[in-house]
Amino acid sequence: MRLLSLLLLLTLFVLPEAESRTRRNSNTVRKERSATERKIKETRRQINANLDDTRRELNRLTGLEGEMRRQDKDIRAMQRRVDSLRAAAKMIADSVAEANTRVEKLRASRADALRALRRQRQTANSATAFIFSSENFAQAYRRTRYLKELQQWQDSSAVRLAAAARVLEGRKARLDSTKTRLGMSLDTMRATRRGLDENTRAAKVLVASLKKQGRNLNKVLETQKKQAEKLDRELNRIIEEEARAAAEEARRQKEREEAARKARADGKPVPEEPAAPVHSANEGKSFAELKGKLPLPLDRKANIVSTFGRQSHSEYSKVQVQNNGIDFETSPGASARAVHSGTVTMVIVMEGYHNVVLLRHGEYLTVYAGLSDLRVRKGQKIAAGELLGTVYSDAADGNRTRLHFEVRHEKEKLNPAQWLAPSAR
């Protein structure tokens, strides 16, 4: 009986304690699960933030590289101008020395003549006395003629001296102006070189930083690579669809022409066919003739930050991205503009490129990717220079504003830099 009572007491005290411990453990598990989920979310957020930081640093590096290419190009152009100005300054300096020698000779010659005339006048007292002291009429005539010619020479020598002095002063002014322009060009070139040196140092710091972010950098570049490949596939699909549609239309046209031929052979009336549009061939030819002369596909200044072809970042990553066009970096608010008249073939939205506009110019096409809003629609005829839409500015990346631009001959990808005018490259 005592044993039974002991068991009852244990049941009353131990079982509630066990149930309480069970309840605490389940609450603890739920709390731990919530804490774990929060940590996972925070880790994901941090990973994404790190990737965004890497993407911004990579964008900043490509922007710096584009600016450095432009500065290097400007420096080469300024160096040519400086060399030209130096050559011009030397040539003008030589002509100044020549003119100065001529002036000095004229002055010396005139001074000698005036001294001789003064000595003669001192001897003859005056021109009149010099003439009337002649022994005969012939001598008086010769002296009169001599004095007249002497006066004419004196007047002409004064004119020649004054003209030579004016030439000398003009050349000196040209030399001063050329030296001033040379000095300004040298100052501008030095300032540009200092800017290039600063950007080079900043680029080295970014490269060192990106090398430390190997995994994140590879992820960013892999994402860019996939986005570029996806855009390429979509553009190829659209161009292939257009080719199929054009082939089908050509087949139907051939059938219509064959039916019309048979009808004419049978003496039946043939309805008038609307004239086939011929703008495509003409526009294609016109576009081809403008190779190396196309304007900038933007309404304001821009730098090329990514060139055509395979972008190898072996210095800080093994991932290679194939760029089928070129990328411009410009200021916020910029708009893309058509480089040639054409027709809007397609307007699509692509990840990483926002809105993409495809223009057809006969056999050639141009692609404008990275637009935040559009001013055109599919099927619309576009004039050269017409605005297509505003270029997207990334608020999370300091409003960085970039346009991706491509030139294609049907599916063949062409280097846009070879089609743009030198001032637009």
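Is R360 buried or exposed? I looked it up: R360 is buried, at a relative accessible area of 17%. Here buried means under 20% relative accessible area, exposed over 50% and partly exposed in between, with a 1.4 Å probe and protein chains only.

Notes on the source. I am working with a predicted model, where local features need pLDDT of at least 70, side-chain atom pairs count only at pLDDT 80 or more, and totals for chains, interfaces and linings use all residues. Residues are numbered from 1 along each chain as its sequence is written, and side-chain values use heavy atoms, with hydrogens and water left out.

Next, salt bridges. I take one as a side-chain nitrogen of Lys or Arg within 4 Å of a carboxyl oxygen of Asp or Glu. I searched the whole structure and got 19.

I followed R360 to E242, where the closest N and O atoms are 2.6 Å apart. R360 is in strand β7 (residues 354–361) and E242 in helix α4 (residues 214–265), so this pair ties together parts 118 residues apart in sequence. Helices (H or I, at least four residues) and strands (E, at least two) are DSSP runs, numbered from the N terminus.

R360 also meets E410 in a salt bridge, 3.1 Å from N to O. E410 lies in the loop between β12 and β13 (412–414), so its pairing with R360 in strand β7 ties together parts 50 residues apart in sequence. I noted E410 as partly exposed, at 30% relative accessibility.

I then checked R400, which is buried at 18%. R400 forms a salt bridge with E329, the closest N and O atoms being 3.1 Å apart.

Last entry: I found D232, E406, R408 and K413 linked in a salt-bridge network.
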